[in-house]
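Hello,

Here is the structure I promised to pass on to you. Have a look at it first, and then read on for what turned up in it.

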Amino acid sequence: MMSSTPEEIFRRMIDLMLAKDMNAVADLWAPDGVAEFPFAGGSSPRVLRGREEVRAYLAHYPELMDMKEVAALTVRPTKQTDTVVVEWTANGRTVATSQPYSLDYIVVLTVRDGLIALFRDYWSPLSAAAAAGNLAGLIDSLERRDA
């Protein structure tokens, strides 16, 4: 595979998400690449290990969230040339409710041999659940986890 910068990989991922091609998004991961969600809550996974776990996680995303545009995107290089920090905002509509949403993210992305080795995604589970029309479900799953 031709070497790509972390910024190029991230922008490609966004284009594929907008095209609803989740298999191609998963293909951007290294076979042993990791996706981490440090702020995940409730029944949402905190870590996905490997491309196939990422693929399974993304499989139904377009049935839940219809991302229409990236309203803001800032890429911040780091001292490590294989890593960038990306601040971005996704706008779209929730499929179940047809309500619009706007969600903010901060991603730390590390690329190895042109593929995602580490994708650390900082997002608000409360905002995501509210956008998906499932805030009550998130709260319920948090209460069950604490019991």
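Before anything else, one term: two residues are in contact when heavy atoms of theirs lie within 4.5 Å. Helices (H or I, at least four residues) and strands (E, at least two) are DSSP runs, numbered from the N terminus.

Please keep in mind that this is a predicted model, in which local features need pLDDT of at least 70 and side-chain atom pairs count only at pLDDT 80 or more, while totals for chains, interfaces and linings use all residues. Residues are numbered from 1 along each chain as its sequence is written, and side-chain values use heavy atoms, with hydrogens and water left out.

The overall picture

The protein chain has six helices and six strands, in the order α-α-β-β-α-α-β-β-β-β-α-α along the sequence. Of its 147 residues, 42% are buried; buried means under 20% relative accessible area, exposed means over 50%, and partly exposed is in between (1.4 Å probe, protein chains only). The chain exposes about 8,100 Å², with carbon and sulfur atoms supplying 53% of that; accessible areas come from the Shrake-Rupley method with a 1.4 Å probe, and for residues only the protein chains shown count as cover. Among contacts between residues at least 6 apart in sequence, 51% join residues at least 24 apart.

The core

A nonpolar core is a set of buried Ala, Val, Leu, Ile, Met, Phe, Trp, Tyr and Cys residues joined through side-chain atoms within 4.5 Å. The largest one here has 35 residues, and F10, M13, W29, W88, L109 and F119 have the most contacts inside it. At least two residues of this core come from each of α1 (6–18), α2, β1, α3, β3 (65–77), β4 (83–94), β5 (100–112) and β6.

Helix α3

Which residues of α3 (residues 51–58) are buried? They are R51, V54, R55 and L58. Seen down the helix axis, these buried residues fall within an arc of 100°, so they line one face of α3; the arc is that of the directions from the helix axis to the C-beta atoms. E52 and A56, on the other side, are exposed. The packing partners of the buried residues are α2 (22–26), β1 (29–36), β2 (47–49), α4 (61–64) and β6 (115–123).

D121 is buried yet has no salt bridge, and the nearest side chain of opposite charge, R120, is 10 Å away. A salt bridge is a side-chain nitrogen of Lys or Arg within 4 Å of a carboxyl oxygen of Asp or Glu; Lys and Arg count as positive and Asp and Glu as negative, and His and the chain ends are not counted. Beyond its neighbours within four places in sequence, D121 is in contact with residues including E36, F37 and Y105.

N91 belongs to strand β4 and is buried, with a relative accessible area of 17%. N91 and K68 are 23 residues apart in sequence but 5.8 Å apart in space, C-alpha to C-alpha.

Two loop residues

K20, in the loop between α1 and α2, has a phi near 65°, a positive value in a residue other than glycine. K20 counts as partly exposed, at 31% relative accessibility. S98, in the loop between β4 and β5, also has a positive phi, near 60°.

Best wishes
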